[in-house]
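Visitor: I would like to learn how to read a structure feature by feature. Could you walk me through one?

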Amino acid sequence: MPSQEIVATVGLGYVGLPVALAFGRKHPRAIGFDIDAQRVAELRDGIDRTQEVSEAELRSAPLRFTSNPDDLAEATAYIVAVPTPIDADRRPDLSAMLAASRLVASYLRPGDLVVYESTVYPGVTEEICAPVLAEGSGLSRDQFHLGYSPERINPGDQEHRLETITKVVSGESPKVLERVARLYESIVEAGVHRAPTIRVAEAAKVIENTQRDLNIALMNELALIFDRLGVRTSDVLAAARTKWNFLPFTPGLVGGHCIGVDPYYLTAKAEAVGYHPQVILAGRRINDGMGRFIAQKLVKMLIAAERPVKGARVGVLGLTFKENVPDLRNSRVPDILDELAEFGVRPLVHDPLASAAEAADEYGVELAALDALTELDALVLAVPHDAYDSLAPALPDRLRDGGVVVDVKSMLDPASIPSHLHYWSL
Ligand SMILES: NC(=O)c1ccc[n+]([C@@H]2O[C@H](COP(=O)([O-])OP(=O)(O)OC[C@H]3O[C@@H](n4cnc5c(N)ncnc54)[C@H](O)[C@@H]3O)[C@@H](O)[C@H]2O)c1
C-alpha cells in the first residue's frame, strides 16, 4: 500500500470538485479528471459554474485539472464522483458509473484503490462496478481494492462542507477500510465513521435522502389538508415546533438530483428483491404533485378575485431547484409552469442565478428581466433566493389591484401584504 497516495478524482461536479481540491491540498500530484473538456477548461481559468468554489481557490489549487484520460495512469487511488440520475421511467441510470468504471479499469494497476462517492443503492459498488473494473483491467478481484464513501455536501451551504461533515467510509475488508479511512481522515477535519461494509455505507446514504424526502412529503400532505381547512400551514408549524421533539421540516417543491431522485434507487432495489415499497413511493407521489397543486391554487385564486385566467399576466420568481444555487436540473418549478400553460397562462419567469441558455434548453423557458415583472395579475414566489430578500418590501407594487401573491416558501410576512391583494402560502 503506498504511504502517500496519488489521488485522482473522476467527475468534477458539485461533489467531485471540492473532493479533488481537498486532496490536492493534502496530497502531492493529485489529479482532477472530467470527461467534459469545457468544464476542465473553465476550472483551469478559475471559473466554477456551480458557484461553489471561488476563483482564488481554483487558481491557487495544487491540482492538475485534466480531461486527458492518460493523466490518470499514475494514480494509486481513484475517487469516482459521477452522476447517478434516473431515466424517463424513474429507474436508476448507472451509465456514468459504468463508463467511469471502464475508464478507471483501463489504468488500474495491482494494489490500486477505487472509492465510489456517487449515491447508489446497496450492491452497486460490489455487484456492478467491481466486475467492470476487474474485466477492464484484467486484474483479479484481490489485486485491487474497493471502497465506498458517500457524499453529504449541500450545495449553497457554506457551513456544511466536505471538511466539516463526518464522512462515512467503507471498504471491502478491514484492511481496505483502514486505507479508505486514512485517506479521508487526511482531508476531513470532522473525521470519519467506519461503516462495517460497503453495502451499509451505500444504504446509509440513500436512506438519509429518503428520510428527508418523506419528512417533506408529510409536511406537503399537511399543507394540502390545512389548505382545505383554511389554516395557514406555516402558522401551524410555528406553533408545533415549540415542542422539543417536533422536527422542523417545511412544505415545498422537492427537486434537484438528490432528494427527489435517490429514493427511486432504493425502491428499484427493493422491488428487485421482491418488496414493493409503499410509504416511500407515497411520499414521492405527494412531492411530485406539489407543483401542479400550487398552479391550480393560483388559478382558483384568480377566479375568486374575478380576474381572467387565460392570458393572465403572471410573474414567477425563481426557477432553480432550490434557493441560492444555479442548478436547474430536476427543478419542480416547471411543473407549475406546465400546469399554468394548460390554463392558457404563460408566466414571466425570473431567476438571478440560473443560466438563460440552460433554462431555454432544458425547459423551453425564456428568462425575463426583473423589470418586466410589473402590472401583474399574480406573482409566484417560487424559490426564495437571498437576492430576493431586498425586493420583498416592494413586491406588492408589481401587482395590479386585486392581484394574487402565491408564496411557496412563506418568504413574506402576510401582515405586510396590502389589503387590496390576495395572499396565499403553502
Ligand atoms: N450535488 C449534491 O448535492 C450531491 C450530494 C451528495 C451526493 N451527490 C451524488 O454525487 C454524485 C455526483 O453528483 P454531482 O452533483 O457532483 O454531479 P454533477 O453533475 O455536478 O457532476 C458530475 C461530473 O461528472 C462528470 N462525468 C460524467 N460522466 C463521467 C465519466 N464517465 N468520467 C468522468 N467524468 C464524468 C460530468 O461531466 C460532471 O462534471 C451523484 O451520485 C449524486 O447523487 C450529490
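The dialogue below goes from the whole chain to single residues.

Visitor: What kind of model is this, and how are residues numbered?

Guide: It is a predicted model, where local features need pLDDT of at least 70, side-chain atom pairs count only at pLDDT 80 or more, and totals for chains, interfaces and linings use all residues. Residues are numbered from 1 along each chain as its sequence is written.

Visitor: How many helices and strands does the chain have?

Guide: Helices (H or I, at least four residues) and strands (E, at least two) are DSSP runs, numbered from the N terminus. Here the chain has 13 helices and 13 strands.

Visitor: What does the radius of gyration say about the chain?

Guide: The radius is taken over C-alpha atoms, and the globule rule is 2.2 Å times the number of residues to the power 0.38. For 426 residues a compact globule would come out near 22 Å, and the chain's 24 Å agrees with that. Along the principal axes, the C-alpha atoms fill a box of roughly 75 × 50 × 40 Å.

Visitor: Into which domains is the chain divided?

Guide: Such bounds come from an automatic or database domain assignment. This chain has domain 1 (7-206) and domain 2 (289-425), with C-alpha centres 38 Å apart.

Visitor: How much of the chain is buried?

Guide: A residue is buried if 20 or more other C-beta atoms lie within 10 Å of its own, exposed if 12 or fewer, and partly exposed in between, with C-beta atoms placed from the backbone. By that count, 44% of the 426 residues are buried.

Visitor: What share of the contacts joins residues 24 or more positions apart?

Guide: Two residues are in contact if their C-beta atoms, placed from the backbone, lie within 7 Å. Among contacts with a separation of 6 or more, residues 24 or more positions apart account for 72%.

Visitor: How do I read the faces of a strand?

Guide: In a regular strand the side chains alternate between the two faces of the sheet. Strand S4 (residues 77-80) has Ala77 and Ile79 on one side and Tyr78 and Val80 on the other, all buried, and both its faces are covered. In strand S6 (residues 145-148), His145 and Gly147 point one way and Leu146 and Tyr148 the other, and all are buried.

Visitor: Which strands pair with S4?

Guide: Two strands pair if DSSP finds at least two bridges between them. S4 pairs in the parallel sense over four bridges with strand S1 (residues 7-10), and likewise over four parallel bridges with strand S5 (residues 113-116). S5 and S6 also run parallel, joined by four bridges. You can follow a row of partners across: valine 7 bridges to alanine 77, alanine 77 to leucine 113, and leucine 113 stands opposite histidine 145.

Visitor: Why is helix H1 described as largely enclosed?

Guide: Nine of the eleven residues of H1 (residues 16-26) are buried, so the helix is largely enclosed by the rest of the structure. Among the buried ones are Leu17, Val19 and Phe23. Their cover includes S1, strand S2 (31-33), helix H3 (55-59) and S4.

Visitor: Which residues come nearest the ligand?

Guide: A residue is near a molecule if its C-beta atom, placed from the backbone, lies within 6 Å of it. Of the 27 residues around the ligand, Gly11, Gly13, Tyr14, Val15 and Ser118 come nearest. Helix H4 (residues 95-105) gives the largest share of the shell, four residues. Ala, Val, Leu, Ile, Met, Phe, Trp, Tyr, Cys and Pro count as nonpolar, Asp, Glu, Lys and Arg as charged, and the others, Gly among them, as polar. The shell then divides into 15 nonpolar, seven polar and five charged residues.

Visitor: Is leucine 379 buried or exposed?

Guide: Leucine 379, found in strand S11 (residues 376-381), is buried, with 25 other C-beta atoms within 10 Å. Beyond its neighbours within four places in sequence, leucine 379 is in contact with Gly315, Leu395, Arg398, Leu399 and Val405.
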